[in-house]
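Here is a short briefing on a protein chain. Keep the structure open while you read.

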Amino acid sequence: MESFTFQHDVKTYCVTASSFPEGIQAAHEQLHALLPQNERRNYYGVSWKTEDGTIIYKAAADSMDTDGSELSNLETFTIKNGPYNTLFIANYAENLDGIKRAFNLLLEQHEVDPNGYCLEWYMDRDVKCMVPLGKEYRPFTGLNKE
């Protein structure tokens, strides 16, 4: 497990999956059709559990200044700045169960934000699974010597 910090909020456009997990691929396909891949745009998956236990999943991609006004009808989601715990999965398409296992492990950590979300950051064939840390979290900076 590693840590990662978003230095700034990340604004994204997103498409909500019709169901979880069955609708995930269709949501990503719809998003990629609307926002074609380029070297500067990142793609994500964002999910969280509602009070009734339903999982909401959104395929998301960076909002860019060059995006046209035709995208203004898309949903948006802001990935919050701050620290995240992460697990990296290489070649995720051959290990889809690894994403579920990674989030199960990440969500067991005591420092996780109870009001947070699960974030998948897709990097070509790999994915970084991430969860935000709670406001009470303080990184270990060493022992004070007085």
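A residue counts as exposed when its relative accessible area is over 50%, and as buried when that area is under 20%. D124 has a relative accessible area of 71%, so D124 is exposed. The model discussed here is predicted. The points below go from the whole fold to the helices, then to single residues.

**Overall fold**
- The protein contains two helices and eight strands.
- Starting at the N terminus, the order of elements is β-β-α-β-β-β-β-α-β-β.
- The radius of gyration is 16 Å, close to the 15 Å that the globule rule gives for 146 residues, so the protein is as compact as a globular protein of that length.
- Along the principal axes, the C-alpha atoms fill a box of roughly 60 × 35 × 30 Å.
- Buried residues make up 40% of the 146.
- Take the contacts between residues at least 6 apart in sequence: 66% of them join residues at least 24 apart.
- The accessible surface is about 9500 Å², and carbon and sulfur atoms account for 48% of that surface.

**Helix α1 (24–34)**
- I24, A27, H28 and L31 are the buried residues of α1.
- These residues cover an arc of only 95 degrees around the axis, which puts them on the same side of α1.
- Their packing partners are β2 (10–16), β3, β4 (55–62) and β7.
- Q25 and A33 are exposed, on the face of α1 turned away from the buried side.

**Helix α2 (96–107)**
- In α2, the buried residues are G98, I99, A102, F103 and L106.
- Seen down the axis, the buried residues of α2 fall within an arc of 135 degrees, so they line one face of the helix.
- That buried set packs against β6 (82–89), β7 (118–123) and β8 (126–132).
- The length of α2 fits a helix: at 1.5 Å a residue, its 12 residues should span 16 Å, and its end C-alpha atoms are 18 Å apart, which agrees.

**The loop between β2 and α1**
- P21 sits in this loop.
- The peptide bond from F20 to P21 is cis, with omega near 0 degrees.
- G23 belongs to the loop between β2 and α1 as well.
- G23 has a relative accessible area of 5%, so G23 is buried.
- Leaving out residues up to four places away in sequence, G23 touches A17 and S18.

**R41**
- R41 is found in the loop between α1 and β3 (43–49).
- Its relative accessibility is 8%, so R41 counts as buried.
- The R41 side chain reaches the backbone oxygen of D62 at 2.6 Å.
- Beyond its neighbours within four places in sequence, R41 is in contact with L35, P36, A61, D62, M64 and D67.

**Backbone angles to check**
- Most residues other than glycine have a negative phi, and most peptide bonds are trans.
- N91 is not a glycine, yet its phi is positive, at about 50 degrees.
- N91 lies in the loop between β6 and α2, and at 30% relative accessibility it counts as partly exposed.
- D124 also has a positive phi, near 55 degrees, and is a residue other than glycine.
- D124 is in the loop between β7 and β8.

Key
Residues are numbered from 1 along each chain as its sequence is written. This is a predicted model: local features need pLDDT of at least 70, side-chain atom pairs count only at pLDDT 80 or more; totals for chains, interfaces and linings use all residues. Side-chain values use heavy atoms; hydrogens and water are left out. Helices (H or I, at least four residues) and strands (E, at least two) are DSSP runs, numbered from the N terminus. The expected span of a helix is 1.5 Å times one less than its number of residues. Buried means under 20% relative accessible area, exposed over 50%, partly exposed in between (1.4 Å probe, protein chains only). The arc is that of the directions from the helix axis to the C-beta atoms. Contact means heavy atoms within 4.5 Å. The radius of gyration is taken over C-alpha atoms; the globule rule is 2.2 Å times the number of residues to the power 0.38. Accessible areas come from the Shrake-Rupley method with a 1.4 Å probe; for residues, only the protein chains shown count as cover. A polar contact is a pair of N or O atoms within 3.5 Å; within protein, one must be able to donate a hydrogen and the other to accept it, and residues adjacent in sequence count only if both atoms are side-chain atoms.
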